[in-house]
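Thank you all for coming. I would like to walk slowly through one structure today, so please have the sequence and the model open as I speak.

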Amino acid sequence: MALQLWETLNEAIIAYTGLSTATFFTLLALILAIYYVVSGLFPSSDHRHDAPRDFEPQMEPLRPPVQIGEVTEEELKAYDGSDPEKPLLMAIKAQIYDVSQSRMFYGPGGPYALFAGKDASRALAKMSFDEKDLTGDISGLGPFELEALQDWEYKFMSKYVKVGTVKTKVPVTEPSESTPHDAESSKPTEDGPSESAAVKNDETPSEVDADKE
């Protein structure tokens with residue numbers, strides 16, 4: 001029975017392919033080998049989706065925001081992202097926000113990295129990247145610039161946690177110089193007793209005696 005099936009298969013191979021049985025099976029084995037080699041070079045779509053997960057770097061979870069209270073502008077510069085152990089902070093209108101979750105934008109190498117560690121109110125209002133505008137001074141801004149700054153503030157208030165404030169500088173007022181006239185009026189007279197004393201001394205002895213009576 002098996003011999004008859006083998007002879008039938010040989011006849012079919014020769015009839016349909018024109019090849020001998022040995023040649024046919026050799027080509028078939030070669031085709032299968034090529035298929036396995038090619039499939040190994042190009043993994044299936046399921047493997048392609050799983051591979052990045054295996055090599056994807058594990059990002060550390062963000063630390064909870066820490067309140068820093070009131071700091072000076074100089075102290076705020078320490079939170080510009082250069083120290084990975086410190087949070088990434090930025091201020092708008094003297095209000096400091098923790099922007100660590102947007103490190104790709106405000107961290108080192110990001111498009112807005114120069115705003116980090118500073119009160120960038122003026123720069124945000126003007127959409128400026130000039131060093132001179134990296135300040136919290138918003139004096140002289142127009143209504144459109146102030147409106148743009150307000151939009152930025154609303155965005156930060158809704159997205160980030162406020163962690164402190166920037167200590168504002170109080171201008172020191174120097175005492176005004178006294179005028180010569182004021183100095184003369186405050187200076188005691190050198191011409192003798194005051195007028196009131198002179199009037200008192202002008203009282204006659206008779207008047208004093210009359211008071212005694």
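This is a predicted model: local features need pLDDT of at least 70, side-chain atom pairs count only at pLDDT 80 or more; totals for chains, interfaces and linings use all residues.

Let me begin with Tyr 112, which at 23% relative accessibility counts as partly exposed, where buried means under 20% relative accessible area, exposed means over 50%, and partly exposed lies in between, using a 1.4 Å probe and protein chains only. Residues are numbered from 1 along each chain as its sequence is written, and side-chain values use heavy atoms, with hydrogens and water left out.

What does Tyr 112 pair with? Its partner is Phe 129, and this aromatic pair is stacked, with 6.3 Å centre to centre and 15° between the planes; rings of Phe, Tyr and Trp (its six-membered ring) pair if their centres lie within 6.5 Å, and planes under 30 degrees apart count as stacked, over 60 as edge-to-face and the rest as tilted. Phe 129 is partly exposed as well, with a relative accessible area of 44%. Because Tyr 112 lies in the loop between H5 and H6 and Phe 129 in the loop between H6 and H7, the pair ties together parts that are 17 residues apart in sequence; helices here are DSSP runs of H or I with at least four residues, strands are runs of E with at least two, and both are numbered from the N terminus.

A further pair is Phe 156 with Tyr 160, whose ring centres are 5.0 Å apart and whose planes stand at 65°, so this pair is edge-to-face. Both Phe 156 and Tyr 160 are buried. Tyr 112, Phe 129, Phe 156 and Tyr 160 belong to one aromatic cluster, whose members also include Trp 152 and Phe 115.

Let me turn to the nonpolar cores, a core being a set of buried Ala, Val, Leu, Ile, Met, Phe, Trp, Tyr and Cys residues joined through side-chain atoms within 4.5 Å. The largest has 18 residues, of which Met 90, Val 99, Tyr 106, Phe 115, Leu 124 and Phe 156 touch the most other members. Strand E2 (89-92), H6 and helix H7 (143-159) each supply at least two residues of this core. Leaving aside neighbours within four places in sequence, Leu 124 is in contact, meaning heavy atoms within 4.5 Å, with Met 90, Ile 92, Phe 115, Leu 149 and Trp 152.

In E4, Gly 164 is the bridge partner of Gly 69, and Val 161 is that of Asp 98.

Technical notes
Two strands pair if DSSP finds at least two bridges between them.
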